Amino acid sequence: MKKTRWMLGVLFVLAACQNSQASSGLTVKPAELSEEGEVLAKQIYADFKMFYTLDGSIGEDEVVVASMTTYENGKETAEALSTFESWEGGAFEEALHSFQLLRSEEGVDFIIGSPEGYVASSHSGQGEKEEMGYIFQSLEQEETLEKGRPLYVGYVKGSTGNSLEAPGIGDAHTFPEDLKQAEEAIVLELQIKNKHDIE
């Protein structure tokens, strides 16, 4: 009987360990840059940029996917840039990340930064239009990134109208209502996915 109880105890501990490998979510929040960091950020040549941190842990078979997607008249036109990462042991400790956009008449440069470096992509034909105005909205408070729930951390909206409303992110776990009829938009998104789903 004692042996049976001991075996049950071992199985319980193993099950608990396995459950601990599953993602418990990550804390995402706007980065609080030091004075020196603020100075460096001002020297980055980009029209729109946001810095945020990831804190927490994900499962060993999971990755964090960051993407920038373009929309026209509320419909997705292309995933302009996407990257994924996983840290050793699945732990992020206030890891600094960024999204950056640079527009010109020729096109748009998309950049996603992380502590490991950055990835970039240039898209021609989606350049800045003289008659169009742009606004940028980004995450202003701490949010939780959970597996199976996309987190919309920022967007750029373009319009030829006389005014542009800036309602803010709102519920960061749902696609911004403000963009469903937008003439142009670029959405910044984070997700936790299984490695085998993207490799």
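In this predicted model, the largest nonpolar core holds 39 residues, and Val28, Phe99, Val153 and Leu190 are the members that touch the most others. At least two core residues each are supplied by strand 1 (26–30), strand 2 (48–57), strand 3 (62–72), strand 4, strand 5 (91–103), strand 6 (107–114), strand 10 and strand 11. Strand 11 gives the largest share, with six residues.

The strands are considered next. Strands of a sheet pair through backbone hydrogen bonds, and the pairing is either parallel or antiparallel.

Strand 3 pairs with strand 11 in the antiparallel sense over 11 bridges, and Val63 has Lys193 of strand 11 as its bridge partner. The antiparallel pairing of strand 3 with strand 4 runs over nine bridges; here the bridge partner of Val65 is Phe84 in strand 4. Strand 3 and strand 4 form a hairpin with two residues between the strands, in which Asn73 takes a positive phi near 50 degrees. Further along the sheet, strand 10 (residues 151–159) and strand 11 (residues 184–194) are joined in the antiparallel sense by seven bridges. Gly154 is placed opposite Leu188 of strand 11.

Strand 3 is largely enclosed by the rest of the structure, because 10 of its 11 residues are buried. Ser67 lies in strand 3 and, since its relative accessibility is 5%, counts as buried. When residues up to four places away in sequence are not counted, Ser67 touches Glu79, Leu81, Ser82, Phe99, Ile112, Val187, Leu188 and Glu189. The side chain of Thr70 is joined to that of Thr77 by a polar contact of 2.6 Å.

A further open sheet is formed by six strands in the order 7-6-5-2-1-9, and its pairing is antiparallel. Strand 7 (117–124) and strand 9 (143–145) are at the edges; each has a single partner strand, so one side of each is left without a neighbour in the sheet. Neighbouring strands of this sheet are turned by 25 degrees against each other on average, direction ignored. Strand 6 and strand 7 pair in the antiparallel sense over eight bridges, with Ser114 opposite Gly117 of strand 7.

The structure holds four aromatic pairs. In one of them, the ring centres of Phe48 and Phe136 are 5.5 Å apart and the planes are at 40 degrees, so the pair is tilted. This pair links distant parts of the chain, with Phe48 in strand 2 and Phe136 in strand 8, 88 residues apart. Phe48 is buried, at a relative accessible area of 15%, whereas Phe136, at 22% relative accessibility, counts as partly exposed. The cut-off for a buried residue is under 20%.

Another pair consists of Tyr152 and Phe175, whose ring centres lie 5.8 Å apart with planes at 85 degrees, so the pair is edge-to-face. Tyr152 belongs to strand 10 and Phe175 to the loop between strand 10 and strand 11; this pair also links distant parts of the chain, 23 residues apart. Tyr152 counts as buried at 12% relative accessibility. Together with Tyr71, the residues Tyr152 and Phe175 form one aromatic cluster.

How values were computed. Residues are numbered from 1 along each chain as its sequence is written. This is a predicted model: local features need pLDDT of at least 70, side-chain atom pairs count only at pLDDT 80 or more; totals for chains, interfaces and linings use all residues. Side-chain values use heavy atoms; hydrogens and water are left out. Two strands pair if DSSP finds at least two bridges between them. Helices (H or I, at least four residues) and strands (E, at least two) are DSSP runs, numbered from the N terminus. A nonpolar core is a set of buried Ala, Val, Leu, Ile, Met, Phe, Trp, Tyr and Cys residues joined through side-chain atoms within 4.5 Å. Buried means under 20% relative accessible area, exposed over 50%, partly exposed in between (1.4 Å probe, protein chains only). Contact means heavy atoms within 4.5 Å. A polar contact is a pair of N or O atoms within 3.5 Å; within protein, one must be able to donate a hydrogen and the other to accept it, and residues adjacent in sequence count only if both atoms are side-chain atoms. Axes are lines fitted to C-alpha atoms, for helices over the stretch in contact, and angles run from 0 to 180 degrees between N-to-C directions. Rings of Phe, Tyr and Trp (its six-membered ring) pair if their centres lie within 6.5 Å; planes under 30 degrees apart count as stacked, over 60 as edge-to-face and the rest as tilted.
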